[in-house]
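Subject: A structure for you to look at

Hi,

Here is the structure I promised to pass on to you. Have a look through it first, and then read on for what turned up.

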Amino acid sequence: MNKINIVDFKEKGLDVYKDYNENQLKHIYEPKLGLFIAETPNVISRAIDAGYEPESFLLEDKFDNERTRKIYEKFPDVPVFITDHDSLKAFTGYNITMGILSAMKRRKMPEIGELCKNKNRIAVLENISNPTNVGAIVRSAAALGMEAVIMTSDCADPLYRRAVRVSVGTIFQIPWTVASPGNMMKELKKAGFKTVSLALEEDSISIDDLRLKKEEKLAVILGSEGYGLKKETIEQSDFTVIIPMSNKVDSLNVAAASAVAFWELSKKDNCNVDL
């Protein structure tokens with residue numbers, strides 16, 4: 001077991017926890033794939049179960065227990081750095097939830113066509129820049145009937161520490177990929193999906209419209225927090241839908257709207273509908 005009690009924070013391999021921000025970690029090994037930081041035993045376990053490989057672990061000594069040992073003992077050649085709470089907080093700059101971090105290797109993402117195979121309901125995120133919202137939407141997608149998630153390249157990285165934490169690790173439990181905004185709609189249609197944009201447009205239909213339930217394959221598209229979906233995305237969509245509101249409220253936060261949309265649009269109705 002490669003256990004290292006930290007006496008010198010210049011120890012080789014510790015720099016990834018202190019000297020690099022999340023974007024730098026993402027690109028640290030270019031042109032090869034980079035790293036991300038996973039936190040808490042549950043999240044790290046879910047990442048490992050999904051096939052992500054740890055490069056190292058950083059552990060608070062009082063959390064070196066049966067639960068965390070079950071995680072790191074699977075990787076006897078991976079360094080496990082251990083120190084006390086105060087040193088760990090001073091070194092990383094924040095309190096670590098449940099006392100364990102892992103620097104993990106990123107994986108190659110699937111192409112849209114590959115991701116869409118044998119799927120009927122997909123969530124699509126366009127230009128959602130807040131990691132908290134990305135994490136919350138991914139969690140809703142995993143819980144409420146979506147079978148995969150596509151994010152445009154201008155979204156916040158779903159493997160950023162906060163996004164992963166808010167998703168409670170569900171980013172490792174649902175297939176996902178990142179796509180260029182210009183290519184996304186074409187690829188979705190090529191895969192046989194009807195596209196549904198959540199947008200406050202004059203020709204929008206209610207989210208519980210029976211026509212939506214008749215569709216075999218739906219891609220549900222949500223836009224940025226401040227500006228919504230791009231005009232060209234709406235124009236290329238097969239449907240634009242709204243969530244009916246009360247009390248003169250015009251919209252919901254995108255994370256809240258995603259939960260409503262996924263719950264409603266995951267339903268399918270095999271009855272005949274007069275269109």
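Seven strands form an open sheet with parallel pairing, in the order β8-β7-β6-β11-β9-β12-β10. At its edges are β8 (176-179) and β10 (205-206), each of which pairs on one side only. Two terms are needed here: strands pair if DSSP finds at least two bridges between them, while helices (H or I, at least four residues) and strands (E, at least two) are DSSP runs numbered from the N terminus.

Before going further, please keep in mind that this is a predicted model, where local features need pLDDT of at least 70 and side-chain atom pairs count only at pLDDT 80 or more, while totals for chains, interfaces and linings use all residues. Residues are numbered from 1 along each chain as its sequence is written, and side-chain values use heavy atoms, with hydrogens and water left out.

Back to the seven-stranded sheet. Strands β9 (residues 194-198) and β11 (residues 218-222) run parallel and are joined by four bridges; K194 has L218 in β11 as its bridge partner. Helix α8 (residues 181-190) packs on this sheet, where it touches β6 (121-125), β7 (148-152), β8, β9 and β11, and its direction makes about 150 degrees with that of β7. For that angle, axes are lines fitted to C-alpha atoms (for helices, over the stretch in contact), and angles run from 0 to 180 degrees between N-to-C directions.

The buried residues of α8 are M184, M185, E187 and L188, where buried means under 20% relative accessible area, exposed over 50% and partly exposed in between, using a 1.4 Å probe and protein chains only. Those buried residues pack against α5, β6, β7, β9, β11 and α10 (231-236), with contact meaning heavy atoms within 4.5 Å. After α8 comes G192, whose phi is positive, near 90 degrees.

β7 deserves a look of its own. Five of its five residues are buried. In a regular strand, side chains alternate between the two faces of the sheet. In β7, A148, I150 and T152 are buried on one side, and V149 and M151 on the other. Strands β6 and β7 run parallel with four bridges between them, and M151 in β7 is the bridge partner of L125.

Now for the other sheet. Which order do its five strands take? The sheet is open, with mixed pairing, and the order is β1-β4-β3-β5-β2. β1 (3-5) and β2 (35-39) each have a single partner strand, so one side of each is left without a neighbour in the sheet. From one strand to the next, the twist averages 20 degrees. Three bridges link β1 to strand β4 (residues 80-83), and the two run parallel; V80 in β4 is the bridge partner of K3. Two helices go with this sheet: α2 (residues 41-49) lies across β2, β3 (54-60) and β5 (100-105), at about 20 degrees to β5, and α4 (residues 85-92) lies across β3, β4 and β5, at about 130 degrees to β3.

Next, the pockets. Rolling a probe the size of a water molecule over the atoms shows where empty space is left. On a 1 Å grid over the protein atoms alone, a pocket is an open set of points where a 1.4 Å probe fits, with protein on both sides within 12 Å along at least five of seven lines, and lining residues have an atom within 4 Å of a point.

The largest pocket holds about 740 Å³ of space. It is lined by 41 residues, and the closest to its centre are R107, K108, M109, W176 and V178. α5 (112-116), β7, β8 and α8 each give two or more residues to this lining.

The second largest pocket holds about 480 Å³. Of its 23 lining residues, L198, A199, L200, S251 and L252 are the closest to the centre, and both β12 (239-242) and α11 (254-265) supply at least two residues of the lining.

E264 is buried, with a relative accessible area of 13%. Not counting residues up to four places away in sequence, E264 touches I207, D208 and K213.

For the overall picture, the protein chain has eleven helices and twelve strands, and buried residues make up 47% of its 275 residues.

Technical notes. Points joined across faces, edges and corners; volume = space filled by probe spheres on them.
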